[in-house]
Amino acid sequence: AATGNVSYVADYLAHNAFTTTLGVAGKFVEVKPYTAAKAIEFDAAADGAGVMRLSSVELTKFSTPMLKVGHSSVTGGIAFKQPVSPGGAFSTLSLINGGTITQTAGSTLTIANLNAAGATGVTLVESNAITGKLAGRTNAGNFAFTNSGGITVDQVDVVNNGITSDSGGTISLNAGGAVSQTGTSALKTSS
């Protein structure tokens, strides 16, 4: 798309060709399942029953400032089952799901900016390498994140400005450096 955004809405996606948006802030490619209960996995395995998978090779085919994966109406969860490091393909990843966002042992994430909004919880506690900004939200769960370096809490996608855990959930940030907030970004829990 020379000037607009691109959205894929499908239960299975074999992404073998390049998808490109204009390389300016605010432009994005969005990938979300058609079926609400579909799980999303970052994994090299082929798509299977009930699961949309995105491999590291497929991720390099997106050339955009931001890749958005999921939607608040999709409840199957998002799981990292392999290390993800998209290099120069995109610098911001926005994960949005009506379920949980998790990662298996060794499935680290390396990217500049991350938004992780999992309605029932976010547990990304491997030694991730977020070098820019972190934002996220849970509606009915805890938000736990580990980073190998410092963490800067700030707005990443238009949906979250900071990190919020509603319904009495906790926010746990484990960093190998300083944790800071910028502008009006919030670290907020509510009951």
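Predicted model: local features only at pLDDT ≥ 70, side-chain atom pairs only at ≥ 80, totals over all residues.
1. Aromatic pairs in general. A pair of aromatic rings is described by the distance of the centres and the angle of the planes. Across the whole structure, a search finds two aromatic pairs.

2. The edge-to-face pair. Tyr8 and Phe62 are arranged edge-to-face, with 6.4 Å centre to centre and 75° between the planes. This pair links distant parts of the chain, since Tyr8 belongs to strand S1 (residues 6-9) and Phe62 to strand S6 (residues 62-63), 54 residues apart. Tyr8 counts as partly exposed because its relative accessibility is 24%. Phe62, with 0% relative accessibility, counts as buried.

3. The stacked pair. Phe42 and Phe80 are stacked, with 4.5 Å centre to centre and 5° between the planes. Here too distant parts of the chain are linked: Phe42 lies in strand S4 (residues 39-42) and Phe80 in strand S8 (residues 78-80), 38 residues apart. Phe42 has 0% relative accessibility and therefore counts as buried. Phe80 counts as buried because its relative accessibility is 0%.

4. A charge over a ring. The ring of Phe28 has the charged end of Lys68 over it, 4.3 Å from the ring centre.

5. The largest pocket. Its volume is about 220 Å³. The lining consists of 16 residues, and those closest to the pocket centre are Ser72, Ile96, Asn97, Ala117 and Val159. Strands S7 (66-71), S9 (92-97) and S12 (113-118) each give two or more residues to this lining. The largest share, three residues, comes from S7. By class, the lining of the largest pocket contains four nonpolar, eight polar and four charged residues.

Methods
Residues numbered from 1 in each chain as written. Heavy atoms only, no water. 1 Å grid on protein atoms, 1.4 Å probe; cavity = no way out; pocket = protein on both sides within 12 Å on 5 of 7 lines; lining within 4 Å. Points joined across faces, edges and corners; volume = space filled by probe spheres on them. Helix = DSSP H or I, 4+ residues; strand = E, 2+ residues; numbered from the N terminus. Nonpolar A, V, L, I, M, F, W, Y, C, P; charged D, E, K, R; others polar. Phe/Tyr/Trp six-rings, centres within 6.5 Å; stacked < 30°, edge-to-face > 60°. Buried < 20%, exposed > 50% of the residue type's maximum accessible area, 1.4 Å probe, protein only. Lys NZ or Arg CZ within 6 Å of the ring centre and 35° of its normal.
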